[in-house]
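Here are my notes for you to read beside the model. Take the points one at a time and find each place on screen as you go.

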2 protein chains.
Amino acid sequence: MITTASIIGTGNVAAHLAALLNCAGVHIDMVVGRDITRARLLANSVEAVAFDNLRNCVFNSQLLIISVSDDAYSEVISQLPQPITPIVVHTSGSVAMNIFESKVQNFGVFYPLQTFSTEKQVSLNHVPVCLEASSDNVYAELEALAIRLSSDVYKINSYQRQQIHIAAVFGCNFVNFLYCSAKELLQKSNLPFELLHPLILETARKAIEVGPENAQTGPAKRGDVNIIDKHHLLIDDPELKALYLLLSNQILNKYDS
Amino acid sequence: MITTASIIGTGNVAAHLAALLNCAGVHIDMVVGRDITRARLLANSVEAVAFDNLRNCVFNSQLLIISVSDDAYSEVISQLPQPITPIVVHTSGSVAMNIFESKVQNFGVFYPLQTFSTEKQVSLNHVPVCLEASSDNVYAELEALAIRLSSDVYKINSYQRQQIHIAAVFGCNFVNFLYCSAKELLQKSNLPFELLHPLILETARKAIEVGPENAQTGPAKRGDVNIIDKHHLLIDDPELKALYLLLSNQILNKYDS
């Protein structure tokens, strides 16, 4: 059973995983981050030791979690001290597992499908954790760890994980951008975003309860081109205008009978 | 106090309002709909009488709610029996209140800002109800009725209501369409939509708790153009590709520093 881990990276995912693992009884030994202030802050929060580079690090933990931006993985992995004994995992939706192949013996992916921000603590309780591993033994170790954090653990290969990541960009990142757009539109008329809170929650809940394909409503769904033209004229911002047109046309096409 | 109402229209808003008003102690006298089967179905559910046209209708209720598609309002209002004694309201986000001016003495708008589907019952408890009225007296009557259904009643003029409607199209209709897109992407890889449920709920909750402008995450927010290019190549469907590009570019532009 994994009881010790170290972490390379100090971003949102790294910080949340450190806290959640610590709560689940996994001792965090070391936190490595280029910005030593951030590394110390995170390390102190879980009683770990902070380092600002990999040169002098000796990883004696059972697990090493690398959670950095996608384009930094290659460089970080190339700098890992050799030989490296822990199981090494990354937390990215879009980086293939084989990035570890030439440098690490036992490796895998630990991808929690959630949106993490510094502003808000989240539990992984019912959050899907997508696992991939270099061997059945490594998978068993990662699975035993993951079920201590979440009830929903999935075996997902690198191709599937990438598809999930793209779907998550649509269902989370793009959705949030539309919330921002809605808020801007309201603010221009001095109306509070709070007006939309119940609608936003109900839209999310309904998509989950009855499926989004059964929950579509609105002018484009009804084929009401008069309203679409009227709205289009009323939107000043060219970017919001472009979004309104593209999304309305796609909905019109989809439901055109 | 309004204790009796009649309804013209049998759509989702009409059906939900009939049920909710009935529960709140307002007797529904008549339901008028072109499709008599639908009109009877709705009328029977609230012990009202069904009619399939306006010719023989005499409205003795205190309130007449017209809830039809936006482009049908003019025709319905022109057919109202004269003189008409009830307060007459419509339920549309985009139709100006003055559509009633030449035909009705006491009129207004009763616009509940929620998404209604036949599949799912909803309460108006904390749902914003946007009211507008032809006089202070009519407003007082509508307000007294609205607060029996919802804790959140707003005085909103026709211009503001139209802006709210556009914002709701972004925050609800377009958001649901993105949920549909995410589901399609997952299904193409034989992955269940359930994977995204926690992410969808957390994204909605986070936008409400910390504001969507503080909750943006994802490749475009981070300026990670490598991932954006990779995702763009991986998406087969041309419509999803176009959506991915437009939304990613708008997020890139917004957070470009």
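1. Start with helix H8 (residues 225-234) and helix H9 (residues 238-255) of chain B, which pack at an angle of about 170° with their axes 10 Å apart. Axes here are lines fitted to C-alpha atoms, for helices over the stretch in contact, and angles run from 0 to 180 degrees between N-to-C directions. That angle makes H8(B) roughly antiparallel to H9(B), since angles under 35 degrees count as roughly parallel, over 145 as roughly antiparallel, 65 to 115 as roughly perpendicular and the rest as oblique. On the H8(B) side the contact (heavy atoms within 4.5 Å) includes Val225(B), Ile227(B) and Ile228(B), while H9(B) contributes residues including Tyr244(B), Leu245(B) and Leu252(B). By class, this contact has seven nonpolar, three polar and one charged residues. Ala, Val, Leu, Ile, Met, Phe, Trp, Tyr, Cys and Pro count as nonpolar, Asp, Glu, Lys and Arg as charged, and the others, Gly among them, as polar.

2. A word on conventions: this is a predicted model, in which local features need pLDDT of at least 70 and side-chain atom pairs count only at pLDDT 80 or more, whereas totals for chains, interfaces and linings use all residues. Residues are numbered from 1 along each chain as its sequence is written, chains are lettered from A and ligands numbered from 1 in the order in which they are written, and side-chain values use heavy atoms, with hydrogens and water left out. Helices (H or I, at least four residues) and strands (E, at least two) are DSSP runs, numbered from the N terminus.

3. Now look at chain A. Which way does helix H5 (residues 158-188) lie against helix H8 (residues 238-255) there? Their axes come within 12 Å and cross at roughly 125°, which makes H5(A) oblique to H8(A). Phe177(A), Leu178(A) and Leu185(A) are among the H5(A) residues in the contact, and Leu240(A), Leu243(A) and Leu247(A) come from H8(A). Six nonpolar, one polar and two charged residues make up this contact.

4. Back in chain B, find the open sheet of eight strands, in the order S3-S2-S1-S4-S5-S6-S7-S8 with mixed pairing. Two strands pair if DSSP finds at least two bridges between them. Strand S3 (49-51) and strand S8 (153-155) of chain B each have a single partner strand, so one side of each is left without a neighbour in the sheet. Neighbouring strands of this sheet are turned by 25° against each other on average, direction ignored. Helix H2 (residues 36-45) of chain B packs on the sheet, touching strand S2 (27-32) and S3 of chain B.

5. Is S6(B) buried or exposed? Six of its six residues are buried (under 20% relative accessible area; exposed is over 50%, partly exposed in between, with a 1.4 Å probe and protein chains only), so S6(B) is largely enclosed by the rest of the structure. S6(B) runs parallel to S5(B), joined by three bridges, and pairs with S7(B) in the antiparallel sense over five bridges. Val109(B) is the bridge partner of His90(B) and also of Glu132(B) in S7(B).

6. Finally, Ser117(A) lies in the loop between strand S6 (107-112) and strand S7 (129-133) of chain A. At 4% relative accessibility, Ser117(A) counts as buried. Its contacts, not counting residues up to four places away in sequence, are Asn12(A), His16(A), Lys206(B) and Thr217(B).
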